[in-house]
Amino acid sequence: MTRPRRHPFIIIARYTLVEALRSGLPWLAAAFIVGVLGLSGFLSRVAITEAAALQATAAGALLRACAVFLVAAHVVASVAREANDKGLELVLALPVSRAAYYIGKLAGFGFSGAMLATVFAVPLLIWANPAELAAWWLSLAAETALVAAAALFFASAMPQSLAALAAVAGLYVLGRSMSAIQAIAGGPQAADSLPADAGRWLVDALALLLPRLDAATRSDWLLYGSPPAGEFGRMLFGLLLYFLLLAAAGLFDFSRRNL
Amino acid sequence: MNLVRPRGERPLSTVPRSLLGFFAAALAAQLAWQLAQQPGAPTATDLPAAPSVQALRLVSAGEPAALARLAMVWLQAFDSRGGNAVPYQHLDYERLVGWLRAILAADPRSEYPLFAASRIYAENPDPAKVRRIFDFIYEEFATDPNRRWPALAHSALLAKHRLHDLPLALRYASAIEREATDASIPLWARQMEVFILEDMDELEAAKIMLGGMLAAGHIRNPEERRFLQGRLEDLERRVNQRKKAPHR
């Protein structure tokens, strides 16, 4: 009896996930958790009030940053290693389409991010109740998937790992700060002049091309409860749209690449 | 050095049409969604509680001067627009003062927090909020009078002309005259107390104070000295007139 033939992208996704599990990623995740818990514990010891709240928010914010960094670094390193080992050429010599390869990689990295989000959410059960933590966890899983898609896109398009990492970091930081930048640019103290207007238009145009990451995975959800369902749904939908845009851009670039 | 992969790209025709359509649809959806979700200026209720100074220092990662100024730019966006006819009218001034205090503590040499407090947040039409901001400025002035006197001087002017609270204005003017000792502080700031006393009809006290300033030799500019000497003589004349006038 023959086993049913799986689609190539599922196989690639599976091996991408296996690679993540066998790399240093789980150990690094464990080290980050210990470090973050230690730091937030230290901060709560010196706080004169709201010690538990401080611990929860500090741990939530730090774990979020760690998850994003680990996923981005892992994806960029993995793509660079595969390019150096000529693994990509080997896979594409098999009956695997470029789209299947890219989607498989994206799915594998996305699942790695989701697993990381799950592992990072567990320690927060000390301070947050499971219902509130569920929204934070789901949001972090979506955010890490988006970062994985961005890292895969930049690492595929850029030959240098450092440039790819810098591009992911730039996108992420802009995504988290663009709302504040827009508010500042449009504030009453902003000058009414042509350069100032041009600056505001540029900021608004740039905001259209960025994800609203400032609305995602907020540590205040751990204290005051998750946002209303409508607001939470809009945030997730926005992340999903941007994930699809990155996937489409990556597929487009990968299809034109001359290997 | 190439940041983007050097290559002879395959022609566009090699990209499947479905993929081109997917990319175009994803881009259009992203643009449409972001256009629909354009955030306005943050509202008053969006302003979170102020962090502790230690937390702010920790976040600054060794760059408190930069963080303090960036935080001020961020802070002044709250409640600045939206449906407000008057900016900052809905802002919780207790929270605001907490933020200003934390930012000032992160970089005590920055003039931004006190400048914003006296020139922006003290322009609020609500007298209670204005007084809250004045209290903050007065408290912070005491820790570095020679650097922070401009904010208190402006507060004194606002207390006199907006709040019509001459005792409060006098309190601030006296503090400047008493505590700001740097030679670079202009005379108008030191003389404010005299003029407020005059406005309060405290002619005797104003005369004594002005006479003391002239006698101490702080005023070296001949034109200023002549002007103040004339003012002193005018005060003396008015005081004498009052003494001679029959009591009602």
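Analyst: Chain B has 248 residues, and 29% of them count as buried. Here a residue is buried if 20 or more other C-beta atoms lie within 10 Å of its own, exposed if 12 or fewer do, and partly exposed in between, with C-beta atoms placed from the backbone. This is a predicted model, in which local features need pLDDT of at least 70 and side-chain atom pairs count only at pLDDT 80 or more, while totals for chains, interfaces and linings use all residues. Residues are numbered from 1 along each chain as its sequence is written, and chains are lettered from A and ligands numbered from 1 in the order in which they are written.

Let's start with the layout. Chain B holds 11 helices and zero strands, so its elements read α-α-α-α-α-α-α-α-α-α-α from the N terminus; helices (H or I, at least four residues) and strands (E, at least two) are DSSP runs, numbered from the N terminus. Of the contacts in chain B with a separation of 6 or more, 60% join residues 24 or more positions apart. A contact is a pair of residues whose C-beta atoms, placed from the backbone, lie within 7 Å.

Now zoom in on one helix pair. The axes of α4 (residues 93-106) and α5 (residues 112-119) of chain B come within 8 Å and cross at roughly 150°. Axes are lines fitted to C-alpha atoms, for helices over the stretch in contact, and angles run from 0 to 180 degrees between N-to-C directions. That crossing makes α4(B) roughly antiparallel to α5(B), since angles over 145 degrees count as roughly antiparallel, under 35 as roughly parallel, 65 to 115 as roughly perpendicular and the rest as oblique. Where they meet, B:Leu100, B:Ile103 and B:Leu104 of α4(B) face B:Pro113, B:Leu114 and B:Ala117 of α5(B). By class, this contact has six nonpolar, no polar and no charged residues. Ala, Val, Leu, Ile, Met, Phe, Trp, Tyr, Cys and Pro count as nonpolar, Asp, Glu, Lys and Arg as charged, and the others, Gly among them, as polar.

A loop residue is worth a stop too. B:His164 sits between α7 (145-161) and α8 (166-179) of chain B, and its phi is near 55°, a positive value in a residue other than glycine. With 10 C-beta neighbours inside 10 Å, B:His164 counts as exposed.

How does the partner look? In chain A, A:Thr217 lies in the loop between α8 (194-208) and α9 and has a positive phi near 45°. A:Thr217 has 27 C-beta neighbours inside 10 Å and so counts as buried.

The largest nonpolar core has 77 residues, of which A:Ala149, A:Ala151 and A:Val168 touch the most other members. Helix α6 (residues 130-157) of chain A gives the most to this core, 18 residues. A second, separate core of 50 residues includes B:Ala77, B:Val97, B:Trp99 and B:Ile133. A nonpolar core is a set of buried Ala, Val, Leu, Ile, Met, Phe, Trp, Tyr and Cys residues joined through C-beta atoms within 7 Å.

Finally, confidence. pLDDT is the predictor's confidence in each residue, from 0 to 100. Chain B averages 81, with 88% of its residues scoring at least 70. Within chain B, the mean is lowest in α10 (residues 203-216), at 74, and highest in α6 (residues 127-141), at 94. Chain A averages 89, with 94% of its residues at 70 or above.

Technical notes. Two residues are in contact if their C-beta atoms, placed from the backbone, lie within 7 Å.
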